[in-house]
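Please report on the packing and side-chain contacts of this protein. Short sections will do.

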Amino acid sequence: MTQKQYGKVAVLLGGNSAEREVSLNSGSAILNALLANGVDAIAFDPKERELAELKTLGIDRVFIALHGRGGEDGTIQGALEFMGLPYTGSGVLGSALAMDKVRCKQLFIANNLPTAKFTTVKKGENYNTQEIIAEFGAVMVKPSHEGSSIGMAKASSAEELNSALENAFSFDDEVLLEQWITGSEYTVSMLNNQALSVIEMRTPRGFYDYEAKYKASTTSYHCPADLVSTETEYLQRIATQAFALVGAKDWGRVDAMRDENGQFYLLEVNTVPGMTEKSLVPMAAKDSGRSFAELVLEILDSTL
């Protein structure tokens with residue numbers, strides 16, 4: 001079986017971001033699914049090859065499996081637009097906005113979507129960690145332009161915050177300090193701009209961090225999440241609104257939390273989420289009756 005309608009497909013994977021390892025895993029899974037379904041596809045690592053080679057290789061379209069900076073922030077999307085190559089996922093603006101956690105939250109607030117109270121700190125600026133802790137109690141520290149929970153930490157004291165900021169500033173010049181929420185963590189996968197099943201992630205760790213996502217065997221996933229129908233519908237609705245609001249399209253994921261009082265809060269939009277067979281979007285797609293290969297082809301269909 002061959003899939004001639006796609007032509008020659010390059011799966012962009014690896015790259016230079018802090019999420020390179022995850023991207024290599026996602027890209028390999030996507031490539032294997034495409035090849036198994038008769039698609040003429042190759043792996044292409046922008047860290048190892050010049051992007052201009054996509055033209056000399058006769059590539060017809062691109063499946064972006066680059067996570068984090070350079071792959072999820074509008075940079076590669078802009079380059080592919082300039083080269084006239086169709087690609088999967090969100091465009092330049094949607095990718096850039098979704099990758100910027102601070103601007104994302106500002107958009108949520110401006111459009112009355114629920115999100116946790118926050119402040120920002122910039123590298124080199126004066127800030128008072130004792131005042132921040134006095135105001136917030138505890139905060140989640142997030143580099144503004146990283147994914148996969150890289151550089152994130154909880155801080156409940158001025159000392160912890162100083163340490164967390166020092167680490168976060170090694171990844172980004174702007175850091176988001178978000179009100180700490182004690183509660184459940186959820187994600188809503190988006191496919192063809194429609195919300196799929198809600199997934200709840202449970203971990204004995206302090207939060208769903210890099211270790212919980214990719215290393216730990218103690219993380220459990222509940223798909224569909226144990227919510228009443230009105231809660232599921234509400235979460236899917238605000239996730240769909242958030243996805244559209246930042247200009248994201250075709251496929252992705254919206255993360256959220258629910259506090260101990262039952263209030264939901266949007267965290268962020270992911271435009272190139274993990275795509276191994278065990279990742280969250282494939283898990284939600286499976287709950288809707290799609291195999292991993294069917295999901296991959298459906299995403300690729302958006303480039304036709």
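Leaving out residues up to four places away in sequence, Val62 touches Ala10, Leu12, Leu54, Leu80, Leu85, Pro86, Tyr87, Thr88 and Thr303. Contact here means heavy atoms within 4.5 Å. The model is predicted: local features need pLDDT of at least 70, side-chain atom pairs count only at pLDDT 80 or more, and totals for chains, interfaces and linings use all residues. Residues are numbered from 1 along each chain as its sequence is written, and side-chain values use heavy atoms, with hydrogens and water left out.

Val62 belongs to the largest nonpolar core, which has 44 residues. Leu34, Leu54 and Val62 touch the most other members. Strand E1 (8-12), helix H1 (20-36), strand E2 (40-44), strand E3 (61-64), helix H3 (75-83), strand E9 (194-202), helix H10 (280-287) and helix H11 (292-301) each give two or more residues to this core. H11 supplies the largest share, seven residues. A nonpolar core is a set of buried Ala, Val, Leu, Ile, Met, Phe, Trp, Tyr and Cys residues joined through side-chain atoms within 4.5 Å. Helices (H or I, at least four residues) and strands (E, at least two) are DSSP runs, numbered from the N terminus.

## A separate core

Another core lies apart from the largest one. It has 22 residues, among them Val198, Leu235, Ala239 and Ala242. In soluble globular proteins, nonpolar side chains tend to be buried together.

## Gln236

Gln236 sits in helix H9 (residues 229-245). Gln236 is buried, at 19% relative accessible area. Buried means under 20%, exposed over 50%, and partly exposed in between (1.4 Å probe, protein chains only).

A polar atom of the Gln236 side chain lies 2.9 Å from the backbone oxygen of Leu196. Neighbours within four places in sequence aside, Gln236 is in contact with Val188, Ala195, Leu196, Ser197 and Val198.

## Thr75

Thr75 lies in helix H3. Its relative accessibility is 51%, so Thr75 counts as exposed. The Thr75 side chain makes a polar contact with the side chain of Asp73, at 2.8 Å. A polar contact is a pair of N or O atoms within 3.5 Å; within protein, one must be able to donate a hydrogen and the other to accept it, and residues adjacent in sequence count only if both atoms are side-chain atoms.

Thr75 and Ser95 are 20 residues apart in sequence. Their C-alpha atoms are 8.5 Å apart.

## Cysteines

How many disulfides does the whole structure hold? The search finds zero. The criterion is a pair of cysteine sulfur atoms within 2.5 Å. Cys104 is buried, at 0% relative accessible area. Cys223 is partly exposed, at 24%.
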